[in-house]
Structures are given as C-alpha cells and as structure tokens.
Amino acid sequence: AVHLPGDPEWDAARRAWQILVDQRPAAVVVAADVADVVATVQAARRLGLAVAPQATGHAAGAVPSLEDTILLRTSALQELAVDPATARMRVGAGVVWSDAVAAAGEHGLAAVAGMAPSVGVVGFTLGGGLGWLARSHGLAASGIRAIEAVDALGRVVRIDEDHHPDLFWAARGGVAPVIVTAIEVQLHPIPELWAGAMMWPLEHAADVAHAWREWIRTV
C-alpha cells in the first residue's frame with residue numbers, strides 16, 4: 001500500500017507510536033514483503049528520495065525530518081521461527097516482543113527482550129537492547145547472529161560474521177546503513193525466573209535513592 005499526502009488514510013499511515021512526533025514524509029509505503037522493500041528502494045533512487053524504515057515508531061523522535069523521504073512501514077513483515085536445536089530465533093522486522101517471547105517460551109527458551117511487549121524486536125535490538133536479562137546475558141545486540149537486509153542499491157543481502165563482516169560489526173554497534181527485513185538472534189535456556197516490585201511512600205524518596213545508589217555500586 002502507498003499513501004500520499006491528502007489520501008484518506010494518510011494521517012493513520014504516518015502516525016508513530018510516539019504520537020508527540022509529527023511525521024511528515026513525502027509518502028508512506030506499507031511493505032507486504034521483502035520484494036516491496038526492494039521496489040521502494042529502487043523507486044526512491046529514481047525519485048531522489050531517502051527511505052526511513054519504521055515498524056512501531058517507538059523511537060520516532062530520534063529520526064530527523066522526513067522531508068523528501070519515503071516512510072517505509074515494515075510492520076507486516078511478520079516472519080517468526082524458532083530453531084530449538086541451535087537455540088536461535090528468526091524474526092521479521094514487524095514482529096513485536098510479546099509474540100517473539102511467546103514463541104521462544106514454547107521451547108523453554110528466552111530472549112534478551114525489551115521491557116515493553118509492544119516494542120518491535122528488530123528496532124529494539126539494533127538500538128542496543130537493554131532488557132530485563134541484560135545484566136546476566138548482555139545487550140540484545142550482542143545476540144544478533146545474522147541480519148537480512150536490503151541495501152541502498154536494492155539488493156537483498158545476508159549479513160553475518162562470514163558475509164559483509166564490516167556491516168555486521170556496525171549493525172551490532174547501532175549503525176546499519178541498510179533496511180533490515182529480518183534478524184536471527186540467540187536464545188537462552190532460562191528455566192526459572194524471579195520477578196516482583198517494591199514500593200515505598202513518596203516521602204521516603206530521598207532515603208531510597210541514596211540507599212539504591214550505595215547498593216548498586218557492588219551489584
């Protein structure tokens with residue numbers, strides 16, 4: 001689907017999850033598959049436009065002006081598969097954490113997931129990925145094993161330690177000059193979890209903050 005300014009669906013198509021961000025691209029493309037991503041990049045090259053991929057738009061505020069830019073929605077790229085033998089999960093660019101965590105859990109595995117179930121897996125992971133399990137298992141980006149993407153020439157490429165290792169290194173550091181359509185991430189066998197919350201009266205906020213600061217020095 002392609003939406004242009006003035007179309008009936010225009011405002012809904014350009015809206016990000018972060019509704020304080022007023023996105024005004026030249027057009028919005030909702031890709032149904034990787035072929036649509038390729039076609040969008042090729043069209044953008046002919047028209048002299050940039051392309052900005054976005055699934056949920058949680059981090060839309062970090063994106064500069066979308067003037068002369070096609071906003072490429074990847075939310076329909078819903079590929080999701082778990083390989084229990086290798087403890088790896090393949091995730092399309094439109095998958096959110098609630099679905100990915102459930103799929104991994106069916107095999108007794110867990111991912112370094114985000115703290116909100118509605119956040120996109122790919123955007124979160126490429127952004128570093130500080131989740132619930134980060135202290136024990138590292139950032140989510142460290143668990144990327146492969147990336148499939150479309151480059152600026154409209155070519156579908158696989159990126160891993162053996163293919164385009166420079167791009168693999170950059171992507172795991174938060175810089176991916178490609179449009180990522182899927183990633184493969186490492187899962188972990190975590191048989192038991194402890195969780196909970198502690199709350200204190202607001203008037204003790206200063207005491208709690210100072211106690212917390214002292215405690216985390218040795219955590």
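My notes follow, starting with ground rules and moving from the sheet to the core and the rings.

**Ground rules.** I am working with a predicted model, where local features need pLDDT of at least 70 and side-chain atom pairs count only at pLDDT 80 or more, while totals for chains, interfaces and linings use all residues. Residues are numbered from 1 along each chain as its sequence is written, and side-chain values use heavy atoms, with hydrogens and water left out.

**The sheet.** I took helices (H or I, at least four residues) and strands (E, at least two) as DSSP runs numbered from the N terminus, and I called two strands paired if DSSP finds at least two bridges between them. I found an open, antiparallel sheet of five strands in the order β5-β6-β10-β8-β9. Its edges are β5 (80-83) and β9 (156-159); each has a single partner strand, so one side of each lacks a neighbour in the sheet. From one strand to the next the twist averages 15°.

I then checked β6 (residues 88-92) against β10 (residues 179-186) and noted five bridges in the antiparallel sense. R90 faces E184 of β10. Helix α3 packs on this sheet and touches β5 and β6, its direction making about 30° with that of β5. For such angles, axes are lines fitted to C-alpha atoms (for helices, over the stretch in contact), and values run from 0 to 180 degrees between N-to-C directions.

**The core.** A nonpolar core here is a set of buried Ala, Val, Leu, Ile, Met, Phe, Trp, Tyr and Cys residues joined through side-chain atoms within 4.5 Å. Buried means under 20% relative accessible area, exposed over 50%, and partly exposed in between (1.4 Å probe, protein chains only). The largest core has 43 residues, and M89, W97, I147, I183 and L187 touch the most other members. A second, separate core of six residues includes W10, V28, A52 and L66.

**The rings.** I paired rings of Phe, Tyr and Trp (its six-membered ring) if their centres lie within 6.5 Å, with planes under 30 degrees apart stacked, over 60 edge-to-face and the rest tilted. How many aromatic pairs does that rule give? I counted two. W97 and F124 are edge-to-face, at 5.7 Å centre to centre and 90° between the planes. They sit 27 residues apart, W97 in α3 (residues 97-105) and F124 in α4 (residues 121-126). W97 is buried at 3% relative accessibility, and F124 is buried at 15%.

W212 and W215 are tilted, at 5.3 Å and 55°. Both lie in α7 (residues 205-216), three residues apart, about one turn of the helix. W212 is partly exposed at 48%, and W215 is partly exposed at 48% too.

Notes: Contact = heavy atoms within 4.5 Å.
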